[in-house]
Structure formats: C-alpha cells, structure tokens
Amino acid sequence: MELESTPLSKKTNSMAPSPPPPPPPPQTSRKRKRNICLVVIAVILGLVLLMVILGLTVFKAKHPVTTVNSVALKDFDVKFNLAKPGVNLNVTLDVNLSIKNPNKVGFKYTNSSALLYYRGQVVGEAPLPASKIPSDQTVTMNLTVTVLADRLISNSNLYSDIISGTLPLSAFTRVAGKVYILKIIKIHVVSYTTCDINIDVLNRSVTKQDCQYKTKL
C-alpha cells in the first residue's frame, strides 16, 4: 500500500497570517479628519449658543435693590448755650436697610458705608461690611449712624433749623459688587439709595422720609 504525502511547503503556507489590508486612500483620510473637525466645531458653537441664551434669559443680570425700610431716631439731645450763642447737639439714627438680590446667581459686594448728610455736608457714617447674598435672597441690616457733632455745629444753618423745629438730613448708601453669570461672565453692579429725612426737634421723631433708588450695571 502506498501512502500519499502532503508537501511541507503547502502546509506551511496554509498556516501563515493573512497580509494586512491596504491603507485607505489619502482622500478618504482627509475627508474623515474634516468631518471630525466639523463635528467638534458644531459642538463648541452649540455650547456657546446655549450659554448666550441662558445668559440673556434665565441668568440675565438684574440689578440688586437697596431699600431703606425705616429710619428711627434713637437719640436726640439738643442744648442751647446762651452765654456763648450756639447749639450742643447729639443725634443718633437707627437705619433698617435691606439689599435684595433678584439674580439666579449670588451677588458679592465689597465694603461700603452709609453716609448722613446735612445740607450737603457729611456729618455721620456707618460701615457696611462686605458680604455675599445668595440668589433670590434679601439681607436685612440694622445700622446705627451717629452724627459728628463738630461738623454739624460748624454749619451756619443749624441754629435757624433748630429754631424752626425741623432738622433736614439725608442718608446715602452705595453698594458695589459683582454678579458672575455661569461662573464665566463677570458683571459689575452699583446700587445707590438716597433718603431725605426731616426730624421734628420738639417731638424727637422722623416726620418725613422720601427715598430714591438708582442702579448701574
């Protein structure tokens, strides 16, 4: 009996790995890269457009509102010096102030102060420490403003105002801060409040309070 033998060379060729596929044509590779770049650009433009829409609608910056809720006369002491014509005056006001943040993000403001004016001259001051107001929140502050007697007495109109029975004062506050939209866009905000106050000398009470508000973005 004769046995047929398989050549070794054919067996070796059947077990060899197949050759790698040929590389894609250069035109197909460039087209694929271009498509990837277009997709990346479209995603970036979509994100920018979304941020702009949110910034102009939901996260649109709104000005904080500073309101003087009440002004109370805490201390009022007036004495006339007959030997040497003049007036000794001690005035302390309790001012209830609130700052409302209507934004959907926090409002951070710097150190400020409430100023008290008498006929255009600063005669009192109370500090407003820096703080942060959360979104859609209102912060209330109670300030004590003491009049600087030496500045007040040096004004030539004081004696006649005391005699008339009405002491005109003005309270002014300026609150400056920043609002961050989506933690990227920074907007500076300044809120002003001016209140004209009349104090009745005999009754030692506030008889008039007229406030005006202004905000700059």
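Two strands pair if DSSP finds at least two bridges between them. Strands (E, at least two residues) and helices (H or I, at least four) are DSSP runs, numbered from the N terminus. In strand S10, Cys-211 is the bridge partner of Cys-195.

This is a predicted model, in which local features need pLDDT of at least 70, side-chain atom pairs count only at pLDDT 80 or more, and totals for chains, interfaces and linings use all residues. Residues are numbered from 1 along each chain as its sequence is written, and side-chain values use heavy atoms, with hydrogens and water left out.

**The S9-S10 hairpin**

- Strand S9 (residues 185-200) and strand S10 (residues 205-216) pair in the antiparallel sense over 11 bridges.
- The two strands S9 and S10 form a hairpin with 4 residues between them.
- In the turn of this hairpin, Arg-204 has a positive phi of about 55 degrees.

- Lys-186 counts as partly exposed at 42% relative accessibility; buried means under 20%, exposed over 50%, and partly exposed in between.

**The salt bridge**

- The structure holds 1 salt bridge, a term for a side-chain nitrogen of Lys or Arg within 4 Å of a carboxyl oxygen of Asp or Glu.
- The side chains of Arg-119 and Asp-161 meet in a salt bridge at 2.9 Å, N to O.
- Arg-119 lies in the loop between S4 and S5 and Asp-161 in helix H4 (residues 158-164), so the pair ties together parts that are 42 residues apart in sequence.
- Arg-119 is partly exposed at 47% relative accessible area, whereas Asp-161 is buried at 8%.

**Positive phi in loops**

- Arg-119, a residue other than glycine, has a positive phi near 50 degrees.
- Asp-136 is not a glycine either, and its phi is positive at about 55 degrees.
- Asp-136 sits in the loop between strand S6 (131-133) and strand S7 (137-146).

Notes. Buried < 20%, exposed > 50% of the residue type's maximum accessible area, 1.4 Å probe, protein only.
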